[in-house]
Amino acid sequence: MKEVNKADVLLGLQWGDEGKGKIVDVLTPHYKVVARFQGGPNAGHTLVFEGKKYILHTIPSGIFHSGCVNVVGNGVVLDPFIINKELDQLNIPPDVLQESLFICGKAHLILPSHRLLDAALENKKGKLRIGSTLKGIGPTYTDKVARTGLRLADTATDNFIKKYEALKTEHLRLAESLGYSLSDLKLDSLTFEEYEQEWFRGLERLKSIPRVQSEVFINETLDKGARVLAEGAQGTLLDIDFGSYPYVTSSNTITAGACIGLGLAPSRIGEVFGVFKAYCTRVGGGPFPTELIGKDADHLRERGNEYGSTTGRPRRCGWLDLPALKYAVMINGVSRLIMTKADVLNQLDVIKVCTGYQIDGEEQNIFPLTLEQESLNPVYKELQGWNNSLDSVESFEQLPAALLDYVSLIEDYVQVPVDIISTGADRKQILIRKGAGILQRLAVV
Ligand code: IMP
């Protein structure tokens, strides 16, 4: 029997913002197709090259490489207003775009009234708010599961406007019952009506983008022997099933999500590249055992520019949490690790890393079912920092000994090799370990 060609998956192992966009951008030259499988414009994948910064919300991070086909899969939720703005920013000639971006007709639409409902629901939660990006993600996935949502393909049907109006009316009724009305809302500094107008303009543009059935397209691409990379958004600890519920997003951010969100059989998943930051961050509410408060947190935030790329909110910062990382490696079947933002720790004399938790006086190193126990305290191991810039380091092997010790500790704990370290925002600031499995996989040794 012929060997099966498999898709690789790249995803985040923490609470999102691990720097996945940059890594996908670096790996893209080795793939024919890059495909997003879940989430929507709550994501903000930042790419920096030739002195310019780009932030992608819905469009896959392979878009900057000619010849790469970018697919937005059935599991993604789409806001035409935001995609339209994203396309304006990218400024890709229409003929190039026709060959480099395909969207699945099964993907669900985020209506302006989904965003209204998101705001109304968050508002109602008061102190218990999740800290949603307010992009309408939760209400859109809710409608999908309730079988009341609208899909991109529905826009071609005669009664689309009727269905749109009916759903909108339902959302407005619900928002009102939560004490929220249209006049309470400003969407990207537009009124609801202005936003809706722009939304429909965006929808026309979205309709001009070639459509695919992602499951057929991806499987046929693999059958032809071409390489496919599935690009995750958010992070494992925000997964609807395995994250710190209810402080999570509304999709499956894990490897299994790539199967659902693209129509891939589990047996067609190849390598799983897990991206994690050398420390931890979280934006929005929810438990965060290794969170730092005060000057150490400020140091990481400022050095790491830890402000949300979608909302601009300051991110909460803390030390690396190894039990959480190990859990994420297990859930995703991670085969290779990629560590980002190592440079952010450059100036620290001491680096702490969480190796377990004290729960009710007992130490355990298993990620707990709920992180909310008040008696949960992280147990730290202290390591010496490298206290040095990494700017002149040209190879993985030349990294300071203290940083290599940090890497060894992580590898010993989670039992997966760290193949790549990113040392800055630019595409070029990347070090791949000599002889690393990832190089063999990409066949560039
Ligand atoms: P939502 O998905 O916008 O509803 O947000 C739910 C939770 O996930 C909130 O805590 C957000 O801050 C967080 N979140 C959503 N998307 C991202 C992301 O791309 N990076 C980091 N956090 C995110």
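Reader: What does the side chain of Asp-79 reach at the start of H2?

Author: The backbone nitrogen of Phe-81: a side-chain oxygen of Asp-79 comes to within 2.9 Å of that atom. Bear in mind that this is a predicted model.

Reader: Noted. Is H2 mostly covered or mostly open?

Author: Mostly covered. H2 spans residues 80–90, and eight of its eleven residues are buried. The buried ones are Pro-80, Phe-81, Ile-82, Ile-83, Asn-84, Glu-86, Leu-87 and Leu-90.

Reader: And what follows H2?

Author: Asn-91, with a positive phi near 55 degrees. Most residues other than glycine have a negative phi.

Reader: While we're on backbone geometry, where is the cis peptide bond at Pro-246?

Author: That bond joins Tyr-245 and Pro-246, with omega at about 5 degrees. Pro-246 belongs to the loop between strand S10 (228–231) and helix H9 (255–262). Most peptide bonds are trans.

Reader: OK, switching to charges. How many salt bridges are there?

Author: The structure has 23 salt bridges. One of them pairs Arg-315 with Glu-306, at 2.7 Å from N to O. Arg-315 is buried at 6% relative accessibility, and Glu-306 is buried too, at 0%.

Reader: Nice. What about Lys-20 and Glu-18, how far apart are their charged atoms?

Author: Their salt bridge is 2.7 Å, N to O. Lys-20 has 3% relative accessibility, so this lysine counts as buried. Glu-18 is also buried, with 0%.

Reader: And a pair inside a helix, say Glu-204 and Lys-207: where do they sit?

Author: Both are in helix H7 (residues 192–207), three residues apart, which is about one turn of the helix. Residues three or four places apart point the same way because an α-helix has 3.6 residues a turn. The salt bridge between the Glu-204 and Lys-207 side chains is 3.1 Å, N to O.

Reader: Let's move to single residues. What does Val-33 touch?

Author: Beyond its sequence neighbours within four places, Val-33 is in contact with Val-69, Val-71, Phe-217, Ile-218, Thr-221, Arg-227, Val-228 and Leu-229. Val-33 is in strand S2 (residues 33–36) and is buried, at 2% relative accessible area. Its C-alpha is 7.9 Å from that of Ala-226, though 193 residues separate them in sequence.

Reader: And Asn-219, what does its side chain pair with?

Author: With the side chain of Arg-268, through a polar contact of 3.3 Å. Asn-219 lies in helix H8 (residues 214–223). Its relative accessible area is 19%, and the cut-off for buried is under 20%, so Asn-219 counts as buried. Leaving out neighbours within four places in sequence, Asn-219 also contacts Gly-263 and Leu-264.

Reader: Where's His-108, and is it buried or exposed?

Author: His-108 is in strand S8 (residues 108–109), and buried at 9% relative accessible area. Among the residues His-108 touches are Val-76, Thr-140, Lys-144 and Arg-151.

Reader: Last topic: how many cavities of 30 Å³ or more?

Author: One. The volume of the largest cavity is about 30 Å³.

Reader: What lines that cavity?

Author: Leu-13, Gln-14, Leu-237, Cys-280, Asp-321, Ala-324 and Leu-325. By class, the lining has five nonpolar residues, one polar and one charged.

Note on methods:
Residues are numbered from 1 along each chain as its sequence is written. This is a predicted model: local features need pLDDT of at least 70, side-chain atom pairs count only at pLDDT 80 or more; totals for chains, interfaces and linings use all residues. Side-chain values use heavy atoms; hydrogens and water are left out. On a 1 Å grid over the protein atoms alone, a cavity is a set of points where a 1.4 Å probe fits but cannot get out, and a pocket is an open set with protein on both sides within 12 Å along at least five of seven lines; lining residues have an atom within 4 Å of a point. Grid points are joined across faces, edges and corners, and a volume is the space filled by probe spheres set on the points. Ala, Val, Leu, Ile, Met, Phe, Trp, Tyr, Cys and Pro count as nonpolar, Asp, Glu, Lys and Arg as charged, and the others, Gly among them, as polar. A salt bridge is a side-chain nitrogen of Lys or Arg within 4 Å of a carboxyl oxygen of Asp or Glu. Buried means under 20% relative accessible area, exposed over 50%, partly exposed in between (1.4 Å probe, protein chains only). Helices (H or I, at least four residues) and strands (E, at least two) are DSSP runs, numbered from the N terminus. A polar contact is a pair of N or O atoms within 3.5 Å; within protein, one must be able to donate a hydrogen and the other to accept it, and residues adjacent in sequence count only if both atoms are side-chain atoms. Contact means heavy atoms within 4.5 Å.
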